[in-house]
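These are my notebook entries on one structure. I set down what I looked up, entry by entry, with the conventions where they are needed.

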Amino acid sequence: MLAAGLRLYGLSQWSYDAAEAAGWQLVAAPAAAAPPTTAQRSAPLGWLLLQALTAAGLLPTSGEGWLRLPAALAGILAAPLLAVAVRPWCGAAPALLAAALLAVHPAAVAASQALDPVAFAVLCALGAGAAALRQRRGLAAALAVVAAATSPAAIGALLAIALLAAPARRHCELAAALGVLAAVAGLAALGAAAVPLLAFAACGWPLAPRPVRLAIGATVLGAAGVALAGGDGGRYAPAGAVPGLAALAAVGLAAAAAALRAAFAGSLRPIAAAAPALVVFAWLGVEAFLQATVHRGARTPWRAVADAAWAAAADAPTFVVAAGAGRGSLDVYLGASLASGIAVAPFDPAAGVDALRALAAAPAPVVLLALRSDERARLDAAAQRELADGFRCCAVVASPQLHGDDSVAVYRRRAPAAARPR
């Protein structure tokens, strides 16, 4: 219920970012979409599923919430499935901790509120792991293939799933093998691909000597917040690594609780044992709350920018909007891909004066420019003067984020000097 509440809250409110805008075109308007990316070509199953749902009329394309709903449902189911997957190795308490961590993890919430099939891949990979631990090898193999064909993010877990399908009496040996593989993967700079391996390895070590368990606990206690180190609400973390982070952190919390329970006596023992979990959940809860409210899903509000563009060009039947980072999102919201007569043109801040002069010379009756704060900061002094002379600021759309200024200013081309009223 906690996972469902966090993932459904604001599902239709957050604006599309650049990646989601490209996904919307691929799903809703494939004829106008850009060529598929490498990830979409190598693992197209999730996109094909979304295209089939929209073609059958089961998934409306009229709003963000409808297209994100399948990913949200997959993210909701992933939380209890993670507990089912890791319980045979680490026991009921760490399994419930892992599910709760996944439910409140800001990176997991962000991945479940985006138009991206990676949430399906995570769900299938967890199902494959749960089936492998229960010796249902055929089901595990089928789910692993589906996960790999849905998103490249799931490929890092395939080796762990294959090893989990070994006989149950070999799981203790496999735990050590997975630990070695995780270390090798980390040394090979696989990054997030090593996290699921390390998580499965750590879940196999509750029977290890206490010093080993304490070392694991001290190392991974903060693993639930690793994705937050990059800032921006955890969106820098690959979503495929989130279940591994949650499972790994759950083992760390269990180890820390065992150590504190042994160190304290009397009435302080249960309080001390619960302290690590309370700290981690309070931290992640605050981060998830800020992401869902103040930071607006960690997305620039391109829908509001499109509304500001309409207001700035209210006196013209058609107009041109130039944009850099937000071009794809504005193309969705202003309807250029649906032949509405509104053109969205690319703008390269690195081109400076030349790009601004070419935009000012466009034959359209009204020309607008949407610049993010970082894009304006990249303009040199000559381009700044050209912007001030040729355009006037009509609106500024604020977008508070975790770090830096992500606001967008909308400029309108000034009338030529001869045509200006005296």
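**Entry 1. Overall content**

I began with the secondary structure and found 20 helices and five strands in the protein. I take helices (H or I, at least four residues) and strands (E, at least two) as DSSP runs, numbered from the N terminus. The model is predicted, so I note that local features need pLDDT of at least 70 and side-chain atom pairs count only at pLDDT 80 or more, while totals for chains, interfaces and linings use all residues. Residues are numbered from 1 along each chain as its sequence is written, and side-chain values use heavy atoms, with hydrogens and water left out.

I looked up burial next: of the 422 residues of the protein, 51% count as buried. Here buried means under 20% relative accessible area, exposed over 50%, and partly exposed in between (1.4 Å probe, protein chains only). For the accessible surface of the protein I noted about 18,600 Å², of which 67% belongs to carbon and sulfur atoms. These areas come from the Shrake-Rupley method with a 1.4 Å probe; for residues, only the protein chains shown count as cover.

I then turned to contacts, meaning heavy atoms within 4.5 Å. Among contacts between residues at least 6 apart in sequence, 72% join residues at least 24 apart.

**Entry 2**

Two packed helices are described by the angle between their axes and the distance between the axes. I use axes that are lines fitted to C-alpha atoms, for helices over the stretch in contact, and angles that run from 0 to 180 degrees between N-to-C directions.

I looked up α5 (residues 64-90) against α8 (residues 118-133): the angle is about 25 degrees and the axes are 8 Å apart. The two helices are therefore roughly parallel to each other. By the convention I follow, angles under 35 degrees count as roughly parallel, over 145 as roughly antiparallel, 65 to 115 as roughly perpendicular and the rest as oblique. I recorded the crossing of α5 and α8 as left-handed, a term used if the near helix is turned anticlockwise from the far one by less than a right angle, with right-handed used if clockwise.

On the α5 side the residues that meet α8 include Leu 77, Leu 81 and Trp 89, and on the α8 side they include Phe 120, Leu 123 and Leu 126. I listed the residues of this contact as 17 nonpolar, one polar and no charged. Ala, Val, Leu, Ile, Met, Phe, Trp, Tyr, Cys and Pro count as nonpolar, Asp, Glu, Lys and Arg as charged, and the others, Gly among them, as polar.

**Entry 2. Helices α8 and α9**

I followed α8 to its packing with α9 (residues 137-150), where the angle is about 160 degrees and the axes are 8 Å apart. This pair is therefore roughly antiparallel, and the crossing of α8 and α9 is left-handed. Among the residues that meet are Phe 120, Ala 121 and Cys 124 in α8, and Leu 139, Leu 143 and Ala 147 in α9. The residues of this contact divide into 13 nonpolar, two polar and no charged.

I checked Ala 121, which lies in α8. Ala 121 is buried, with a relative accessible area of 1%. Its C-alpha atom is separated by 8.7 Å from that of Ala 144, 23 residues apart along the chain. Not counting residues up to four places away in sequence, Ala 121 touches Ala 147, Thr 150, Ser 151 and Ala 154.

Which residue in the loop between α8 and α9 did I look up? I looked up Gln 135, found in that loop. Gln 135 has a positive phi of about 65 degrees although it is not a glycine. Most residues other than glycine have a negative phi. Gln 135 is partly exposed, with a relative accessible area of 26%.

I found Gly 65 in helix α5, and at 14% relative accessibility Gly 65 counts as buried. Gly 65 and Gly 10 are 55 residues apart in sequence and 8.4 Å apart in space, C-alpha to C-alpha.

I found Ala 288 in helix α15 (residues 268-292), and at 7% relative accessibility Ala 288 counts as buried. Leaving aside its neighbours within four places in sequence, Ala 288 is in contact with Val 104 and Pro 106.
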